[in-house]
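Please walk me through this structure by way of its side chains, beginning with the charged ones and then turning to the aromatic rings.

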Amino acid sequence: MKKFFLTLFLPFLMLASCNDDDDDNSRECDMYIASKRIYFNEAIGKPELFYLVKYDPKEQWTYVRNIKNLQYEPGFEYLIRARITEYKSEPGIQIDGDPTLYECLKVLSKEEKTSANLPENTVDE
């Protein structure tokens, strides 16, 4: 339960370390992208690949569904500059899908390696 709680709320805590953009719902951060991805939503019969990310090399990996403009190749660990935009819905209107958009602004490094300390259920693509 503790791991589930940390995995669920860690992305929100990490956003606090990002630089605020002029927009109140957008931030720029450096993000590490793991060399492997992970499947989620298998229980509902629609498994989807998610990226494993972290904002500091000492943190545990967490996950995001999509990173716009990232030309990802399995087997490489990336350090990117990303813009993270959180969309807030109007009262009474529900946002379908993930209300957070991750966008790669620049690839700072791309290293062929197997990322360390990955969760057990990562995928070899």
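A salt bridge is counted where a side-chain nitrogen of Lys or Arg lies within 4 Å of a carboxyl oxygen of Asp or Glu. The model examined here is a predicted one, and a search through the whole of this structure finds 10 salt bridges. Among the residues involved, Glu28, Asp30, Arg81, Arg83 and Glu103 are linked with one another in a network of such bridges.

In one of them, glutamate 28 forms a salt bridge with arginine 83, and the closest N and O atoms are 3.5 Å apart. This pair links distant parts of the chain, since glutamate 28 belongs to strand β2 and arginine 83 to strand β5, and 55 residues separate them. Glutamate 28 has a relative accessibility of 23% and therefore counts as partly exposed, and arginine 83, at 25% relative accessibility, counts as partly exposed as well. In the other bridge, the side chain of arginine 83 meets that of glutamate 103, with 3.7 Å from N to O. Here glutamate 103 lies in strand β6 and arginine 83 in strand β5, so the bridge ties together parts of the chain that are 20 residues apart in sequence. Glutamate 103 counts as buried because its relative accessibility is 17%, where buried means under 20%.

A further salt bridge brings together the side chains of glutamate 73 and lysine 110, at 2.3 Å from N to O. Glutamate 73 is in the loop between β4 and β5, while lysine 110 is in strand β6, which covers residues 100-112, and the two residues are 37 apart, so that the pair links distant parts of the chain. Glutamate 73 is partly exposed, with a relative accessibility of 37%, and lysine 110 is also partly exposed, with a relative accessible area of 39%.

Strand β5 also holds glutamate 86, whose side chain is joined to that of arginine 27 by a polar contact of 3.2 Å. Is glutamate 86 buried or exposed? With a relative accessible area of 19%, glutamate 86 is buried.

Lysine 36 gives another view of how parts of the chain meet. This residue is placed in strand β2, which runs over residues 26-40, and lysine 36 is partly exposed, with a relative accessible area of 22%. Its side chain is joined to that of aspartate 124 by a polar contact of 2.8 Å. If neighbours within four places in sequence are left aside, lysine 36 is in contact with Leu52, Tyr72, Thr114, Leu118, Thr122, Val123 and Asp124. Lysine 36 and glutamate 77, which are 41 residues apart in sequence, lie 8.3 Å apart in space from C-alpha to C-alpha.

We can now turn to the aromatic rings. A pair of such rings is described by the distance of the centres and the angle of the planes. In this structure the count comes to 5 aromatic pairs. One of them is formed by tyrosine 51 and tyrosine 72, which are arranged edge-to-face, with 5.2 Å from centre to centre and 80° between the planes. Tyrosine 51 is in strand β3, residues 48-54, whereas tyrosine 72 is in the loop between β4 (62-64) and β5 (76-86), and this pair links distant parts of the chain that are 21 residues apart.

Elsewhere, ring pairs link Phe40, Phe50 and Tyr63 into a cluster.

Arginine 37 lies over the face of tyrosine 51, at 5.1 Å from the centre of the ring, and the charged end of lysine 54 sits over the ring of tryptophan 61, 4.3 Å from its centre.

Methods:
Residues are numbered from 1 along each chain as its sequence is written. This is a predicted model: local features need pLDDT of at least 70, side-chain atom pairs count only at pLDDT 80 or more; totals for chains, interfaces and linings use all residues. Side-chain values use heavy atoms; hydrogens and water are left out. Rings of Phe, Tyr and Trp (its six-membered ring) pair if their centres lie within 6.5 Å; planes under 30 degrees apart count as stacked, over 60 as edge-to-face and the rest as tilted. Helices (H or I, at least four residues) and strands (E, at least two) are DSSP runs, numbered from the N terminus. A charge sits over a ring if NZ of Lys or CZ of Arg is within 6 Å of the ring centre and within 35 degrees of the ring normal. Buried means under 20% relative accessible area, exposed over 50%, partly exposed in between (1.4 Å probe, protein chains only). Contact means heavy atoms within 4.5 Å. A polar contact is a pair of N or O atoms within 3.5 Å; within protein, one must be able to donate a hydrogen and the other to accept it, and residues adjacent in sequence count only if both atoms are side-chain atoms.
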